[in-house]
Amino acid sequence: MLNFNFYNPTQIVFGQGQLSQLDSLVPKNAKVLITYGGGSVVRNGVLAQVKAELAKSARSVSEFGGIESNPKFATAMQAVERVRAEQIDFLLAVGGGSVMDATKFIALAAANADYQGQEEQLLIHGFNPVPVNNAIALGTVATLPATGSEMNCFAVISRGEDKLPVYSPLTFPKFSILDPELTYTLPAIQVANGVVDAFVHVVEQYVTYPTGAHFQDRTAEGILQTLLEIGKTTVDEPSNYAARSNLVWSATMALNGLIGSGVPHDWSVHMLGHELTALFGVDHAQSLAVVLPSMWRVRREPKREKLLQYAERVWGITEGGDEARIDAAIANTEAFFNSLGIATRLSAHGIDQQGVERVLQALEKHGMVALSERGDVTLEVSRQVLEMAL
Ligand code: NZQ
Ligand code: ZN
């Protein structure tokens with residue numbers, strides 16, 4: 001097992017009706033800004049419930065809506081102005097990964113006066129923490145199980161054609177309320193996206209190379225098997241609580257640092273996927289579903305041992321030679337994504353060879369030229385992966 005430093009201070013309040021805990025979780029004298037997205041929480045009544053809970057104490061509450069999917073720097077900056085003008089001291093994100101991510105950025109930008117006027121500089125640190133000492137406290141009411149943003153400190157912010165990671169240990173939510181019933185109004189495709197995003201988060205931390213991390217491997221396999229067990233049901237039966245509650249907790253556990261401690265990480269599928277989203281607007285999870293099968297086919301050698309372990313322990317494939325078992329595991333994965341209504345080819349998104357060239361240029365521009373757990377995903381390897389996915 002590799003050395004690690006695991007820190008996760010987020011309090012999780014899970015289950016039916018748990019929005020009723022909100023009044024006790026947000027400081028009574030806080031000046032709160034509720035952040036939300038394009039209006040789903042207005043239409044399904046979640047925003048009204050949140051406001052009713054916050055009104056149980058005499059705190060000041062205002063709202064900022066309109067955060068788009070793949071949240072934009074410019075939109076987040078409008079909220080930063082509000083935070084400064086109203087001297088907000090608590091941010092409450094009510095929504096999916098995009099709202100939670102934007103809120104983390106708002107928390108950083110609004111609390112660090114030395115970045116005022118040059119807040120885009122917060123976005124240049126990539127996979128290093130932003131060098132700041134302050135962030136406004138934030139909590140979340142998560143309405144979409146997918147990204148794990150409700151229990152990690154990461155955010156992804158879009159600026160022009162750049163999709164930029166940003167994080168700080170200061171942007172862990174203080175708490176997240178995970179009530180699976182608040183996700184029942186999700187369109188089926190967003191639920192399918194959530195299953196796929198969580199699945200790929202796990203394999204980016206698991207299908208690498210063995211380090212003897214038995215607990216992490218068995219836990220990763222447990223999450224993957226849970227997603228296989230409940231994935232189709234939770235897409236087809238939105239108000240099946242048993243299935244949905246397992247999706248919600250699996251998605252959170254997939255990216256809260258636990259299974260990623262002490263093991264190598266890949267993330268090359270995410271980095272190629274982010275360019276597909278930035279350039280062509282492909283939903284985050286759908287970009288991953290396109291890249292993952294080809295990435296495994298191209299990189300079967302460096303991932304051989306873990307792919308064989310994945311085949312046996314997650315899919316129960318024990319018959320046939322090594323190559324046949326790896327092929328079957330990749331085919332099963334692809335079939336699982338397809339069974340949820342998620343495509344695994346670039347052509348399904350209208351992306352052709354010219355599009356591949358644009359992705360490669362973007363990867364080069366962003367310095368994404370030595371990706372993966374071994375740093376061996378060069379632009380040439382990315383080209384093979386993308387061309388195989390056409
Ligand atoms: O905007 P509204 O109107 O709220 O509608 C949203 C949006 O259209 C809708 N929605 C959310 N909850 C709903 C609902 N509709 C009905 N009922 C509900 N209960 O769903 C749509 C998608 O929402 P969004 O937040 O964009 O999706 P998701 O949660 O998949 O987040 C995607 C973003 O997260 C980033 C992605 O790059 C992308 O920008 N990621 C963040 C990560 C992290 N923080 O650790 C890791 C991920 O790998 C990912 O990169
Ligand atoms: Zn993801």
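Please keep in mind throughout that the model is predicted.

I shall begin with the metal. The zinc ion, ligand 2, has four protein donors: Asp-197 through OD, and His-201, His-270 and His-284, each through NE2. These donors lie 2.0 to 2.1 Å from the zinc ion. Along the sequence, the donor residues follow the spacing D-x3-H-x68-H-x13-H.

I turn next to helix packing. Two packed helices are described by the angle between their axes and by the distance between those axes. The crossing of H6 and H10 is left-handed. On the H6 side, the contact is formed by Ile-189, Asn-193, Val-196, Asp-197, Val-200, His-201 and Val-203. On the H10 side, it is formed by His-284, Ala-285, Gln-286, Leu-288, Ala-289, Leu-292 and Trp-296. Sorted by class, the residues of this contact between H6 and H10 are nine nonpolar, four polar and one charged. The zinc donors Asp-197, His-201 and His-284 are also among the residues of this helix contact.

The other pair is H11, residues 304-315, with H12, residues 322-339. Here the angle is about 60°, and the axes are 9 Å apart. The crossing of H11 and H12 is left-handed. H11 contributes Arg-304, Leu-307, Leu-308, Tyr-310, Ala-311 and Trp-315 to the contact. H12 contributes Asp-322, Glu-323, Arg-325, Ile-326, Ala-329, Asn-332, Thr-333 and Phe-336. By class, this contact of H11 with H12 comprises eight nonpolar, two polar and four charged residues.

Finally, I come to the loops. Gly-321 sits in the loop that joins H11 and H12. Gly-321 counts as partly exposed, because its relative accessibility is 43%. How far apart in space are Gly-321 and Gln-286, which are 35 residues apart in sequence? From C-alpha to C-alpha, the separation is 31 Å.

Pro-210 is located in the loop between H6 and helix H7, residues 214-236. With a relative accessible area of 34%, Pro-210 is partly exposed. Pro-210 and Glu-305 are 95 residues apart along the chain, and their C-alpha atoms are separated by 7.1 Å. Leaving aside residues up to four places away in sequence, Pro-210 touches Glu-305 and Lys-306.

The remaining residue is Val-263, in the loop between helix H8, residues 241-254, and H9. Why does Val-263 count as buried? Its relative accessibility is 8%, and the cut-off for buried is under 20%. Apart from residues up to four places away in sequence, Val-263 touches Leu-2, Gln-205, Thr-211, Ala-213 and Gln-216.

How values were computed
Residues numbered from 1 in each chain as written. Chains lettered and ligands numbered in written order. Predicted model: local features only at pLDDT ≥ 70, side-chain atom pairs only at ≥ 80, totals over all residues. Heavy atoms only, no water. Left-handed = near helix turned anticlockwise from the far one by under 90°. Helix = DSSP H or I, 4+ residues; strand = E, 2+ residues; numbered from the N terminus. Contact = heavy atoms within 4.5 Å. Nonpolar A, V, L, I, M, F, W, Y, C, P; charged D, E, K, R; others polar. Axes fitted to C-alpha atoms, helices over the stretch in contact; angles between N-to-C directions. Donors = N, O, S within 2.8 Å, 3.2 Å for Na, K, Ca; no water. Buried < 20%, exposed > 50% of the residue type's maximum accessible area, 1.4 Å probe, protein only.
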